[in-house]
Amino acid sequence: MRIGVLALQGAFAEHIAMLERCGAEAFEIRQKKDLDRNFDGIVIPGGESTVMGKLLNELDLSEKITSLIRQGMPVLGTCAGLIVLANEIVGGEAPHIGTMNIAAKRNAYGRQLGSFNAEGEFKGIGVIPMTFIRAPYIERVGEGAEALASVDGKIVAARQDNQLVTAFHPELTGDLRVHEYFLSMIK
């Protein structure tokens, strides 16, 4: 199984390490030609969603990634990746890829000082550690999307068909279960 990890910014190296620990082969997506490789899923990591959206357009990656997702390629979006996949960003920012029927609230817990660790129940996995860094949350899930985890009454993970998003950073915890869940979506 080969997974392409968007490597424009953020914790892409940590995602690659986690995927490899799960037995998958992972590679960096940095330019359009990287999308011509044969692969089974995409990870859109954390980072800064506005910058990431701008780079997706400037590097001519957005249209191809959107098309792959719409055709059913599994995708995992974490933190900023959740915002990139959301079809609505609360506060008026235009959606980036916008394939998932969720409304994302950016920097919902405040700036860097609002970062924290928690544990929460993740549907189908159990209680897992969650690391939040300038995290968004999901204000609402629309038709076809399902909330999978909440912390303090806020939705922090959801799935819609081939799309899985988390407001937290599973790649920073050492717990493989979110990545294993994502890989199980491919099998």
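Because the model is predicted, local features were considered at pLDDT of at least 70 and side-chain atom pairs at pLDDT 80 or more, while totals for chains, interfaces and linings use all residues. Residues are numbered from 1 along each chain as its sequence is written, and side-chain values use heavy atoms, with hydrogens and water left out.

A pocket is here an open set of points on a 1 Å grid over the protein atoms alone, where a 1.4 Å probe fits and where protein lies on both sides within 12 Å along at least five of seven lines; the volume is the space filled by probe spheres set on the points, which are joined across faces, edges and corners. The lining comprises 12 residues, and those nearest the pocket centre are Gly-47, Glu-48, Cys-79, Ile-133 and Arg-134, a lining residue being one with an atom within 4 Å of a point. By class, the lining holds 4 nonpolar, 5 polar and 3 charged residues, where Ala, Val, Leu, Ile, Met, Phe, Trp, Tyr, Cys and Pro count as nonpolar, Asp, Glu, Lys and Arg as charged, and the others, Gly among them, as polar.

Cys-79, one of the residues nearest the pocket centre, is placed in the loop between strand 4 (75–78) and helix 4 (80–85); helices (H or I, at least four residues) and strands (E, at least two) are DSSP runs numbered from the N terminus. Although Cys-79 is not a glycine, its phi is positive, at about 55 degrees. The structure holds 0 disulfides, a disulfide being a pair of cysteine sulfur atoms within 2.5 Å. Cys-79 is in no disulfide, and the nearest cysteine sulfur, that of Cys-22, is 20 Å away. Cys-79 counts as buried because its relative accessibility is 5%, whereas Cys-22 is partly exposed, with a relative accessible area of 23%; buried means under 20% relative accessible area, exposed over 50%, and partly exposed in between (1.4 Å probe, protein chains only).

A positive phi also occurs at Asp-60, which is not a glycine and has a value of about 60 degrees. Asp-60 is located in the loop between helix 2 (49–58) and helix 3 (62–70), and with a relative accessible area of 39% it is partly exposed.

Thr-99, in the loop between strand 5 (86–89) and strand 6 (100–105), is buried at a relative accessible area of 10%, and its side chain makes a polar contact of 2.5 Å with the side chain of Gln-163. A polar contact is a pair of N or O atoms within 3.5 Å; within protein, one must be able to donate a hydrogen and the other to accept it, and residues adjacent in sequence count only if both atoms are side-chain atoms. Thr-131 lies in strand 8 (residues 126–132) and is likewise buried, at 13% relative accessibility, with a polar contact of 2.9 Å between its side chain and that of Asn-117. Leaving aside neighbours within four places in sequence, the residues in contact with Thr-131 (heavy atoms within 4.5 Å) include Phe-116, Phe-168 and His-169.
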